[in-house]
Amino acid sequence: MTDYQRTYQDWKSDPESFWAKAAGCLDWHTPFDRAREGNRWFPGGRLNTCYNALDRHVLHGRAEQTALIYDSPLDRKQEKFSYVQLLERVARLAGKLRELGVEKGDRVLIYMPMVPETLMAMLACARLGAIHSVVFGGFASQELAARIRDARPRLILTASCGLEPRRVVEYQPLLERALESSIPVMVLERAQCGWHFREGQHPWSDSEPVEAVPVRATDPLYILYTSGTTGIPKGIVRDHGGHAVALQWSMENVYNVRPGEVFWAASDMGWAVGHSYIVYGALLHGCTTLLHEGKPVGTPDAGEFWRVIEEHEVVTLFTAPTAFRAIKKEDPDGSYLKERNLARFRALFLAGERLDPDTYQWARQLLQVPVVDHWWQTETGWPVAATCLGLGEAPTVPGSPGKAVPGYEVEILDEQGRPLPAGQEGAVALKLPLPPGNSPTLWNQDQKYREVYLDPFPGYYNTGDGGYLAEDGHLFIMGRLDDVIIVAGHNLSTGSLEEALAGHPAVAECAVFAVKDDFKGQLPVGMVVLKAGCTDTPELHQQLIQRVRDGVGAIANFKEVLVVQRLPKTRSGKILRAALRKLADGVDFPTPPTIEDASVIDELRELLSYRRR
Ligand code: COA
Ligand code: AMP
């Protein structure tokens, strides 16, 4: 038996004892009564995630070790913070938040770029037992407003701007358009752009340091919104106890990283990867985490990742396949790598979207280290399927994100929820109960959580992905089964994009669907039906594209709109987006039996034929 098989068996034979043992690596203020009750982990236990991520390491010999490296080619800055310095900054910021009225259980919305203060703000909230909700800086007003409306924060933390390679993104107009009522704001002013302070808005500052507040293991640490099938984002809730246990376990057993080593998650703190592995996982495990404000290409060139790895002695990098496709496109021979010494670098982990075999092989040959495709979601918070390098496994099957990680039992189900045999494609589901770290519910929406995730297949959590399992347990993911689209590793809802289009006065109805793209994986395309009397002009196209950019954000990469006479719909009025996707990608499919008028399919096939030429 391999280490992986033995650990998987250990977990399966007694999941509660397995996770109770893993929980022993944290400092608990009050021990938990039992490992699990329903879908809640470690009830009765009290701890603080910030204490475990910072104070614990300072007390146990890591005070002078670098906790955080900030490297910003966009701001031409580098800074390092030891554990004791980071603790001091976070404790003082927590003091300021308390002065501004933030207490345990309050929500604090963080709309900030990739700067150290963002990480500090997250930990400062955790220190107080306040619940942070970080909104990705690439989202514009409509998305920001939806999150403010749902989280109802007591305070908003923001910065004057984010930095993109060719522009400065000013946050003040975006935030002001999103605010529907007056909420206090604290603003980090950056050198590139100022802020016009209004009543109730404070410049960034700190105060007297405060101690960590012990909270229940089951109390929420954060809310992170993810795209749903509608325009209303789903507030994923993460607890303190289960989350800390699962992340620390994964750092060692999945990522094979040791305390004291440099771990780099090249993502954004606004995404689940950033929460779990730039901030919490790396620090809980006593690693040095790297915060990079830049891109894989263009800041300044396709050698940026290799520079960072060499300069900061990174052992493991985690990013999205798109980042590697971008480097491959600009520097297919890997010439920038030749100037670098990556002696310490041990592994590359990729997730967030499908890893195409070409990119896998290219990265593998270039880097000569294991390239690990792994699969998870915002909801799970940590990997469901992976090659567990820390348990002695090595990736062997290109195209597969590996096998179930201990803690998870992955099954493929048919439409009636019956398990399918190996090789057959169906809905990817996870047997309940889920391990620690998984979202136990949606913020303010217990019923919706049940409807979306639990009701479709009783006894299972429905991931929303389609795929199959091979005989030897390797999982293959074929893509989303719902209307979520994944653009450059960013999860977006077609509903949000449609909401932005539908607000245009000329639009009677619309649909947004995804088409395949070699670089960004998928790209959104919009189809609109105009109101009587409105005409299709280039200006109209420009206005529609701009609406999505201003509402959802440039990150949607929305650049294509088609004006049509009618949309394909079922007899009950539901738009057949899957049919649109297949028509655009040139995939043959039987005419859906529920379609209202089958002739629309031929009409649209003809219209979309330009995409296949
Ligand atoms: N704030 C404001 N705007 C942002 C932004 C942010 N945080 N992030 C991206 N944008 C903007 C970009 O500037 C770009 O604007 P433009 O249309 O004016 O050029 C637009 O959104 C599209 O961005 P993106 O799709 O990222 O394309 P890109 O060409 O700028 O960069 C990559 C391409 C591959 C370099 C980039 O997508 C990348 O690094 N991807 C990795 C994905 C990742 O980190 N995923 C997280 C999960 S692991
Ligand atoms: P997010 O919640 O933004 O992390 O997106 C999760 C979704 O991204 C999953 O449900 C999958 O559809 C997709 N995804 C994540 N990792 C992979 C992977 N390794 N291979 C294929 N798809 C992936």
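**Close-up views of a predicted model**

**View 1. Thr288 sits in strand β17, which spans residues 288-292.** The model is predicted, so local features need pLDDT of at least 70, side-chain atom pairs count only at pLDDT 80 or more, and totals for chains, interfaces and linings use all residues; side-chain values use heavy atoms, with hydrogens and water left out. Residues are numbered from 1 along each chain as its sequence is written, while chains are lettered from A and ligands numbered from 1 in the order in which they are written. Helices (H or I, at least four residues) and strands (E, at least two) are DSSP runs, numbered from the N terminus. Thr288 counts as buried because its relative accessibility is 4%. Buried means under 20% relative accessible area, exposed over 50%, partly exposed in between (1.4 Å probe, protein chains only). Leaving out residues up to four places away in sequence, Thr288 touches Gln65, Thr66, Ala67, Ile69, Gly260, Glu261, Val262 and Phe263. Contact here means heavy atoms within 4.5 Å.

**View 2. Ligand 1 is surrounded by 25 residues.** A residue belongs here if one of its heavy atoms lies within 4 Å of the ligand. The closest are Glu164, Arg167, Lys520, Arg549 and Asn557. An oxygen atom of ligand 1 is 2.5 Å from a side-chain N or O atom of Glu164. For a polar side-chain atom of Lys520, the distance to a ligand oxygen atom is 2.8 Å. β10 (167-170) and α11 (321-330) each contribute at least two residues to the shell.

**View 3. Helix α11 is mostly covered, with 7 of its 10 residues buried.** These are Pro321, Thr322, Ala323, Phe324, Arg325, Ala326 and Ile327. They pack against α10 (304-312), β18 (314-319), β19 (347-350), α12 (357-367) and β30 (521-530).

**View 4. Strand β7 (residues 131-134) is covered on both faces.** Ile131 and Ser133 are buried on one side, His132 and Val134 on the other. In a regular strand the side chains alternate between the two faces of the sheet. β7 runs parallel to β6 (residues 107-111), joined by 4 bridges. Two strands pair if DSSP finds at least two bridges between them. Val108 stands opposite His132 of β7.

How values were computed:
A polar contact is a pair of N or O atoms within 3.5 Å; within protein, one must be able to donate a hydrogen and the other to accept it, and residues adjacent in sequence count only if both atoms are side-chain atoms.
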